[in-house]
Amino acid sequence: LTGLGWQLVELKSGETYNGQLQTIDTWMNLTLREVVCTSKEGDRFWRLPEVYIRGNTIKYLRMPDEIVDVVEEEHQNRRDFNNARGRGAR
């Protein structure tokens, strides 16, 4: 999935990243752009042009309902495509 809007990501280390979600894969690895990083203590902030975050470091990810709907629709389309390929085609 690509270009999915603004997200808040909290890592297991306590840092938070707020940025525009560019990509996410099935392992929850993701890329954010125009990122504001906040320290664990909440007293320091950094602006970063782009960040790659491994899925296994994520504690919390706030995901809007619209994104969940897009994922469900893509999953259903793939399922329909795979089912259609299996009907009588050899």
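1. Met-28 comes first. At 34% relative accessibility, Met-28 counts as partly exposed. Buried means under 20% relative accessible area, exposed means over 50%, and partly exposed lies in between (1.4 Å probe, protein chains only). Met-28 is found in the loop between β2 and β3. Its phi is positive, about 65°, although Met-28 is not a glycine. The model is predicted: local features need pLDDT of at least 70, side-chain atom pairs count only at pLDDT 80 or more, and totals for chains, interfaces and linings use all residues. Residues are numbered from 1 along each chain as its sequence is written, and side-chain values use heavy atoms, with hydrogens and water left out.

2. Asn-29 sits in that loop too, between β2 (16–24) and β3 (30–38). Is Asn-29 buried or exposed? Asn-29 is buried, because its relative accessible area is 15%. The side chain of Asn-29 reaches the backbone nitrogen of Gly-55 at 2.8 Å. That is a polar contact (a pair of N or O atoms within 3.5 Å; within protein, one must be able to donate a hydrogen and the other to accept it, and residues adjacent in sequence count only if both atoms are side-chain atoms).

3. Now the overall layout. The chain has 1 helix and 5 strands. From the N terminus on, the elements run β-β-β-β-β-α. Helices (H or I, at least four residues) and strands (E, at least two) are DSSP runs, numbered from the N terminus. Of the 90 residues of the chain, 26% count as buried.

4. Glu-34 is another backbone point to check. Glu-34 lies in strand β3. Its phi is near 50°, a positive value in a residue other than glycine. Glu-34 counts as partly exposed, at 48% relative accessibility.

5. Next, charge pairs. Side chains of opposite charge can pair when their charged atoms come close. How many salt bridges does the count come to? The count comes to 5 salt bridges, where a salt bridge is a side-chain nitrogen of Lys or Arg within 4 Å of a carboxyl oxygen of Asp or Glu.

6. Glu-10 and Lys-59 form one of these. Their side chains meet in a salt bridge at 3.7 Å, N to O. Glu-10 lies in strand β1 and Lys-59 in strand β5 (residues 58–62), so the pair ties together parts that are 49 residues apart in sequence. Glu-10 is partly exposed, at 24%. Lys-59 is exposed, with a relative accessible area of 58%.

7. Strand β1, where Glu-10 is found, covers residues 2–11. Glu-10 and Arg-62 are 52 residues apart in sequence. In space they are 8.8 Å apart, C-alpha to C-alpha.

8. Glu-50 and Arg-33 also meet through their side chains, in a salt bridge of 2.6 Å, N to O. The pair links distant parts of the chain: Glu-50 is in strand β4 (residues 45–53) and Arg-33 in strand β3, 17 residues apart. Glu-50 is partly exposed, with a relative accessible area of 44%. Arg-33 is partly exposed as well, at 39%.

9. What joins Glu-41, Asp-43 and Arg-44 into one network? Take Arg-44 and Glu-41 to begin: their side chains meet in a salt bridge (3.5 Å, N to O). Salt bridges that share partners join Glu-41, Asp-43 and Arg-44 into one network. Arg-44 is partly exposed, with a relative accessible area of 44%. Glu-41 is exposed, at 55%.

10. Met-63 lies in the loop between β5 and α1. Met-63 counts as partly exposed, at 26% relative accessibility. Met-63 and Gly-5 are 58 residues apart along the chain. Their C-alpha atoms are separated by 9.5 Å.

11. Last, the surface charge. Asp-65, Glu-66, Asp-69, Glu-72 and Glu-73 gather in a patch of negative charge on the surface. Patches are made of residues with over 30% relative accessible area and no salt bridge; like charges are joined within 9 Å, and nonpolar side chains (Val, Leu, Ile, Met, Phe, Trp, Tyr) within 5 Å. Asp-69 lies in helix α1 (residues 65–85). Asp-69 counts as partly exposed, because its relative accessibility is 46%.

Conventions: Areas by Shrake-Rupley, 256 points an atom, 1.4 Å probe, with all protein chains shown as cover. Lys, Arg positive; Asp, Glu negative; His and termini not counted. Charge placed at Lys NZ, Arg CZ, Asp CG, Glu CD.
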